[in-house]
Structures are given as C-alpha cells and as structure tokens.
Amino acid sequence: MTEKQLHVTIVGGGMTGLTAAYYLQKWTREKGMSVRYTLLEASDRTGGKVQTWKHEGFTIELGADSFLERKTSATELIKEVGLGDRLVNNNAGQAYILHKNSLYTIPEGAVMGVPTKLMPFAKTPLISPIGKLRAAADLILPGARSGEDESVGNFFRRRLGDEVIENVIEPLISGVYGGNIDKLSLLATFPQYAQMEEKHRSLIMAMRNSRPTQSKQPEGQQKAKGMFVSLTSGLQSLADRLEESLPAGAVRKNTGVKRLKKRPDGYSVELDNGESFDTDAIILAIPHHLAMEIVKDHVDIPPISGAKPTIMATVALAYPEQGIRIDKEGTGFLVPRKEKYTITACTWTQRKWPHTTPKGKALVRCYVGKPGAEEIVDRSDEEIVDAVVRDLQKVMQIDQRPEFYKVTRWNRGLPYLVGHKQWLKGTTAKMKEHLPGVWLTGGSYGGVGVPDCIDQAKETVQELLQYWTQKPGS
C-alpha cells in the first residue's frame, strides 16, 4: 500500500512559521516521510517582527534586535543553517535608569531589579530611604500560601514595595512585554520568581543564592561579553536563510487566509483572493485575534480576555560621531513610566552593537508608546522624531537633526494577562476537540522572543508528525 502524502499548510511567515516549515522539512526527510507544504504570508515579506534595514552602511533592527544566549534553540538553528560565523554578543556595558532628569546606574548586583548586594542598593538615589526599608522587608515577610497566578506587578509589590517596582523593575520588564505589569501574568512570563518564593520565601535571599560568583576582571582586560546575541548581518538574515532553505514555490507572500472548512479527511483552506485548496493539517502561526477569525465557523475559542494590543514604535536616529556627546560609560538607559518623557528606553547602539554602525558615525535607537500614552505613535514621523530628540536633549548632548531617521510602528500583540496559562490550556483543548489537526502557535501563546517562537515551532511540528503517524489511513 502506497503511503499517503501529507500536505501541511502553515499560515504566517514570521519566525514561528518559518521555523515550523524548516523543521517539518528536515524531520520528514530524516524519517523518509512523503510530505509537501505551503507557507502562506499575508504581507510582502517573511520574518514578522524581525526586520533589518540596511542603509548607508548601517545595519538597523526595526523590530527585535537580539535574543538571550541562554535560550539555546536560536543559536542552534542559526548554526544549523550556516550562519554561525555571524553570531555576535552585545558589548556588556552599564545600563542606566532615568530619574528626575538624571541618569543613575542600576545598583550593582541587582538582578531584574531585585537587590542582592547591600551597599550598592543602600547608596542608590533611585529609591528613597523609606523605599529601601520597604524592600528590605522581603527578608522577613512570609511567602505566598497559594500557587495561583497573580500579576507581575502585584508579586513584586508584595515582596519589595512600590518604589522598587516603579523605578527599577517596571522599566526593565516593559522592554520585553508591552502593557501594564499590574495585569501581566507572573506564571506565564516569570514563573521562576514564583518558584523562588515557594522554595526560599525571601526573593532577595533566593536571588542572592542563585547568582553565579563572578571573578574580577584583571585591569586592562576586555570586558566580559554580554548575555544577548544577534547576527552581524542582522536578524532578518536568519528569516531569509530559512526561506531560502524551503523548496521553490512553497512560500506564497501577499496571500491571506479567510477561513477553513472541514472535509471528511482533512480541511479546505479559503484564501482572501477566493482561491481554495485542500490540506491535511494546518499550523496557524499568527496573532490570536487573526486565528480566531479563521476558525470561528467551527470553534468558538475565547479572545485573550481583557487584553488590548500594545502599540509602540522604534525610532532609529543616525548621526555623525560628533553629533552625540554622552558623558556616561554604558549602552543606554530606561525610562520609568511616571517620568514625564515620551521615550520608554534609549540604546546607544554603536556602543552596544558596534557592528551596526560605520566608523565615524553614531546610532541611537529609542522606543515610544508607553501604556496609557500610545497616541504619540499615531503622529507623523517628523513629530515623533522631534519629541524623541527633545527628550534626549534633557539628558545628553545631541544635535537637533539626525543625518537620517527611521520610525517603525509595531503592534506588540497581546500581553500575557493573569490566568494566561489556564486560558491557553482551555483554548488548546477546544481546538483538539473541534479542529483536530489544526494548531495554534507563536507569540500569542508561549513566549514572544525569537527562541520562544523557535521552541514553539519545533514542539508544534513534533505534535503534528505524531498526530499524522497515528491517524488511521495515513
């Protein structure tokens, strides 16, 4: 009996969809399975929120600019597709927090804002004496009695008080997850902190005990490399390489999906242009609100309750080297929400990622669109740039007009609200019951970083292949 050929449709050409296609191709070849697949992308490019702009010798990331090296799936994939020689760590440098129009260092020993060294925390002007006493109460406060989910904001306020949250922790977290940290799910985003409290009671003691001991660098020796990784050719080159590894014709751009229909032995996919085709299995690697529309005729999966998309923009400003004068060592600064600034963060990119900037030039990358003040993103590029430069001139010397700039607006998707894991469990169960052979995966579900998307793609493909091999008649 001839083995039936499996046809898989992947909807979404971001990092999750591309990775799913790559591993589907690789693993089916290794297993000797007969498979063909189609990847559908509604826009004119693949990569999703990974996008690199090369201009006048600059390499400028318009979306994600790096990923954590300790999450190894990304570096493994990069090496696998032949880009390992382009991997580069960031220059480890001091990061600052803006407080009352001045830049202050994050206290030495603070991990994600949690103090682990007494003297640097005692001396920092970022926290008042009363705020420091409140944070120290973590050492004697009892641990939580339940393992239920709570907001990131509530968790850290319980342990350390308002000031540490507002002046240090919130600016650090907001760089990764958009939205309000008082609604952000602890178990879906930082479960390790809940585990620390459960095991050690005191968060400060848990963090202190878990910190690796660092030997002092000899004078004159180069600083240790940073914990983040990127590609000298830009992260877009990973998306490009993944797309190039797929068969000709497998990727269809400018092709959106309208709905899917059940068939006795699979599904029919209807495209926005009216075309339709049959398929055996479907991976929906797109934001949840889009996936809901595609499957709504067959299953009523709930929205991510109460969550609104976080709108933000990145602003890249290019200058001659002398156009920016920074009297601080380091790689950039974060801006607490309560500060009366438009920007939420600023990276001195030529210091953090030297490969991005030609000799004699400087590159600044800022973020705008803090929760509750997203209207700035709807203004013209010129107005946004003017607002950003005005902010920067309050804390550093910078020319009014850059040589060029690039404003990129992004919908950061939906934050993981309290109860996200329970919501995801229920949504996944509904999909399995009503639409077996259709998977939801990507940034709306199990993590927003590049390695998180890669991990989800691999897991989804493994589940799909297991489903297919166990399906009668396959």
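Which residue forms a salt bridge with Arg-252, and how far apart are the closest N and O atoms? I shall take that pair as my starting point, noting at the outset that this is a predicted model.

The partner is Glu-275, and the closest N and O atoms are 2.9 Å apart.

I turn now to a second pair. Arg-159 forms a salt bridge with Glu-197, with 3.1 Å between the closest N and O atoms. Here helix 5 (residues 152-160) carries Arg-159 and helix 8 (residues 191-200) carries Glu-197, so the contact ties together parts 38 residues apart in sequence. As to accessibility, Arg-159 and Glu-197 are both buried. These two residues also belong to a network of salt bridges, in which they are linked with Asp-138, Glu-150 and Arg-158.

Arg-157 is partly exposed, its relative accessible area being 22%. Glu-166 is likewise partly exposed, with a relative accessibility of 32%.

To place these examples in context, the search of the whole structure finds 26 salt bridges. The pairs presented today, including Arg-252 with Glu-275 and Arg-159 with Glu-197, can be inspected in the structure shown above. Thank you for your attention.

Conventions: Residues numbered from 1 in each chain as written. Predicted model: local features only at pLDDT ≥ 70, side-chain atom pairs only at ≥ 80, totals over all residues. Heavy atoms only, no water. Salt bridge = Lys/Arg side-chain N within 4 Å of Asp/Glu carboxyl O. Buried < 20%, exposed > 50% of the residue type's maximum accessible area, 1.4 Å probe, protein only. Helix = DSSP H or I, 4+ residues; strand = E, 2+ residues; numbered from the N terminus.
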